[in-house]
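Please look over the fold described below. The report starts with a question and then moves from the sheet to single residues.

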Amino acid sequence: MSTSIRMSVTDCADYLGISKSATWRLVKSGKIPSLEIGKRIVLNRADIDDFIASHTRPAVDANNIAAQILRKGV
């Protein structure tokens, strides 16, 4: 039996910290996979976590960037 956590669009919006309409756009565009059960849309938390991971930018090392700028003489 699967132990995956299922969420509603409203739960997902709260989890991501974005509006419900922005969440609907992500779902309708297919960027976040969904399961339609009757009129209800259900999202898998693992899919949402995958979406977050694939859209997270790496941390920037400010000291490294400053050194590169100084080397270039900008």
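How many of the five residues of β3 are buried? Four of them are, so β3 is mostly covered; buried means under 20% relative accessible area, exposed over 50%, and partly exposed in between (1.4 Å probe, protein chains only).

## Basis of the model

This is a predicted model: local features need pLDDT of at least 70, side-chain atom pairs count only at pLDDT 80 or more, and totals for chains, interfaces and linings use all residues. Residues are numbered from 1 along each chain as its sequence is written, and side-chain values use heavy atoms, with hydrogens and water left out.

## Overall layout

The protein chain has four helices and three strands. Read from the N terminus, the order of elements is β-α-α-β-β-α-α. Helices (H or I, at least four residues) and strands (E, at least two) are DSSP runs, numbered from the N terminus.

The radius of gyration of the protein chain is 18 Å, whereas a compact globule of 74 residues would have one near 11 Å. That radius is taken over C-alpha atoms, and the globule rule is 2.2 Å times the number of residues to the power 0.38. The C-alpha trace spans about 60 × 30 × 20 Å along its principal axes. Of the 74 residues, 22% are buried. The chain exposes about 5800 Å², and carbon and sulfur atoms supply 55% of that area. Accessible areas come from the Shrake-Rupley method with a 1.4 Å probe; for residues, only the protein chains shown count as cover.

Contact means heavy atoms within 4.5 Å. Among contacts between residues at least 6 apart in sequence, 46% join residues at least 24 apart.

## The sheet

Three strands form an open sheet in the order β1-β3-β2, with antiparallel pairing. The edge strands are β1 and β2 (35–37), and each pairs on one side only. Two strands pair if DSSP finds at least two bridges between them.

β2 pairs with β3 (residues 40–44) over three antiparallel bridges. Here Ile-37 stands opposite Arg-40 in β3. Helix α3 (residues 45–54) packs on the sheet and touches β1 and β3. The direction of α3 makes about 60 degrees with that of β3. Axes are lines fitted to C-alpha atoms, for helices over the stretch in contact, and angles run from 0 to 180 degrees between N-to-C directions.

β2 and β3 form a hairpin with two residues between them. Gly-38 lies in the turn and has a positive phi of about 65 degrees. On the β1 side, two bridges join β1 to β3, again antiparallel. Arg-6 stands opposite Asn-44 in β3.

Ile-5 is in the segment before β1 (6–7). Is Ile-5 partly exposed or buried? Ile-5 counts as partly exposed because its relative accessibility is 45%. Leaving aside neighbours within four places in sequence, Ile-5 contacts Leu-43, Asn-44 and Arg-45. Glu-36 is 31 residues from Ile-5 in sequence and 15 Å away in space, C-alpha to C-alpha.

Ser-8 sits in the loop between β1 and α1 (9–16). Its relative accessible area is 16%, so Ser-8 is buried. Not counting residues up to four places away in sequence, Ser-8 touches Arg-40, Ile-41 and Leu-43. The Ser-8 side chain also reaches the backbone nitrogen of Asp-11 at 3.0 Å.

How values were computed:
A polar contact is a pair of N or O atoms within 3.5 Å; within protein, one must be able to donate a hydrogen and the other to accept it, and residues adjacent in sequence count only if both atoms are side-chain atoms.
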